[in-house]
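Here are my notes for someone opening this one up for the first time. Have a look around, then read on.

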Amino acid sequence: MFIGDTMVKIAVLVKQVPDTNSKIQISNDRVDLSSVKMVMSPFDEFAVENALLHKEAVGGTVTAITVGGNSADKVLKDAKAIGVDEIVRLDCTEYMDSNAFQTVISGVISQDGYEVVYCGKSSADTGSGSTGPGVAEKLGWASVSNVTDIQFTDGMTVTVPAEGGNAIINVSAPLVVSCDKGSIKVRKPNVKGIMMAKRAQVDVKSVNPNPSNVTVVSQTMPAEKPAGKKFEGGQSAETVVQLLREEANII
Amino acid sequence: MTETVVIAEINKGKVSPTTNELISAANILGSDCTLVIPCTDSSLADQVSNISGVSKIIAAKSSVFTNYDASGWAQALDSVAPQGIIVTAASAQSKDLAARIAARRNVSVVQDVISIVGTTLSTPIYSGKAIENVAINGNVVVSIRPNVFAGVSNDGSCEIQVIDASGDLSTAVKELVERASARLDVSEANIIISGGRGMGSPDNFSHLEAIADTLGAAVGASRAAVDTWDDIPHSMQVGQTGKTVNPNLYIAVGISGAIQHLAGMRSSKYIVAINKDADAPIFQYADYGIVSTWEEALPVLSSALSNMLS
Ligand SMILES: Cc1cc2nc3c(=O)[nH]c(=O)nc-3n(C[C@H](O)[C@H](O)[C@H](O)COP(=O)(O)OP(=O)(O)OC[C@H]3O[C@@H](n4cnc5c(N)ncnc54)[C@H](O)[C@@H]3O)c2cc1C
Ligand SMILES: Nc1ncnc2c1ncn2[C@@H]1O[C@H](COP(=O)(O)O)[C@@H](O)[C@H]1O
């Protein structure tokens, strides 16, 4: 039973990133990911959940899309196991700057006729949070970011942080929603889902990115912070307050 | 040299001092800095008429700027900002705006910049576990982490040009819901005091609130605190799946310093840790560590601060 009169075509962007517990190492000026465990970027789990809730509220289809090499099929299968309909990988392992990357994504979104795109508010590796708003701008669509809650009754409203509290905003498709963690619980796959995901076919598309104007020179370890001062006992809080004023000059 | 455009950071209806830091960064990236101030009332710009390091100030006046709407703001600012490298703050809202303006101008965006050397920009990746150094070629949009660059002074003088900007809203605010407490949000504060599971119960956060009130600080929390206690909302969470903060001072109380918590606060300028376990990982990142229970340390901290600030 669908409440809406049309079936919405929903896309959700999912990215594979190192598990947030993993140790990051550098070799030859680049982060070496050869031995880290890869998982779905944490905020993308909320994007998938919101996309599924959207479909359940109004009817439609959800397609999970990732950009990456073969190994990225795993996040698509994870999304499939919890209920997305289709899984698509845009096959590309070379570096793209934000402009090249968003051009590729927005090209596929408009070509394949999606109406709503969900993504994470930022990915755990770059932390940049550029994809949602950037893709929306390229498509000429509205975007809302850092979304913590979505209601699908009476059209669609989202909750985002605003100065002094939250704003509840009316939105309508076409639209890109970048998701923060909210109060929703992310569903877990069941055995049937996992079996279905195993057999599912990834729709692999080739892409042809534009050249990048921003290039990576190197990746390095952060500068070591000089060892701090450590004091024993609660009384030392007084010394610390003194230091905050006299040494750090901050209070 | 490349021209630069700084989009002023607005906070509580005022041009935030972060703007001075953005101008410093812009002056490394290029010359001829234009400061653009999004406003509904151009008198907002008067406040910064003496800001240094700029050759032009534009008050971009539009009703679009009443509430944040990514698409309307990007359109309006794009219409008044000259060509060049655009610099914004790396706050949640301004990063979103930076990405939209970049896409609108068909250029790339580099977010969370913490260092600029020539045309090489550095940004944290993997939540600060590593740094990426990128080379820019041509115009880009850059967002700058607060509290990293020293701000320009306020002893200049520059005429303010008021330009009507226009943009179309693509979303509509239905309701603004104010936070129950008048306290600052962690994303808005320059000093944060956060509690973790070691606080023992949500009621004990009142000790942190009292100190926060003395300092004009925000109260934050670890995920363990948010997940364990319903009274501690997710909006207080600092870390990988919470907020990334860059205050001048971060005080961690009863927080072990898990990698996902560090992800959100390790770039704070000064870190103070209070933990009863001398081996807690948080001490490796603390400028000042206090090995003690909070029950012993907080009263001392509180009275020392009150004495100093009264
Ligand atoms: C995908 C993912 C995302 C995550 N995102 C986040 C995130 O955004 N933010 C976050 O914080 N965590 C996050 N975590 C969780 C993180 O791994 C830790 O579990 C969490 O940070 C621990 O919180 P804590 O330090 O408060 O608790 P604990 O690790 O239990 O530490 C409590 C500390 O309190 C001290 N203590 C106890 N009693 C006292 C006392 N009386 N006085 C003083 N000290 C005392 C103890 O010595 C201990 O060091 C994430 C985890 C995962 C897997
Ligand atoms: N390579 C990718 N493949 C699929 N989705 C991506 C990719 N990179 C970024 N995204 C999406 O965009 C969001 C924000 O990413 P970012 O702009 O890199 O912080 C992520 O949470 C994903 O939803």
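1. A term to start with: a polar contact is a pair of N or O atoms within 3.5 Å; within protein, one must be able to donate a hydrogen and the other to accept it, and residues adjacent in sequence count only if both atoms are side-chain atoms. By that rule B:His261 has a side-chain N or O atom 2.8 Å from an oxygen atom of ligand 1.

2. Before going further, this is a predicted model, where local features need pLDDT of at least 70, side-chain atom pairs count only at pLDDT 80 or more, and totals for chains, interfaces and linings use all residues. Residues are numbered from 1 along each chain as its sequence is written, chains are lettered from A and ligands numbered from 1 in the order written, and side-chain values use heavy atoms, leaving out hydrogens and water.

3. Back to ligand 1: 26 residues surround it (a heavy atom within 4 Å). Residues of both chains A and B take part, so the site is shared between chains. B:Gln260 puts a polar side-chain atom 2.7 Å from a ligand oxygen, while B:Gly242 uses a backbone N or O atom, at 3.3 Å.

4. Now the interface. Here 85 residues of chain B are in contact (heavy atoms within 4.5 Å) with 78 residues of chain A. The rule finds 4 salt bridges across it (a side-chain nitrogen of Lys or Arg within 4 Å of a carboxyl oxygen of Asp or Glu). One of them joins B:Arg104 and A:Glu137, at 2.9 Å from N to O.
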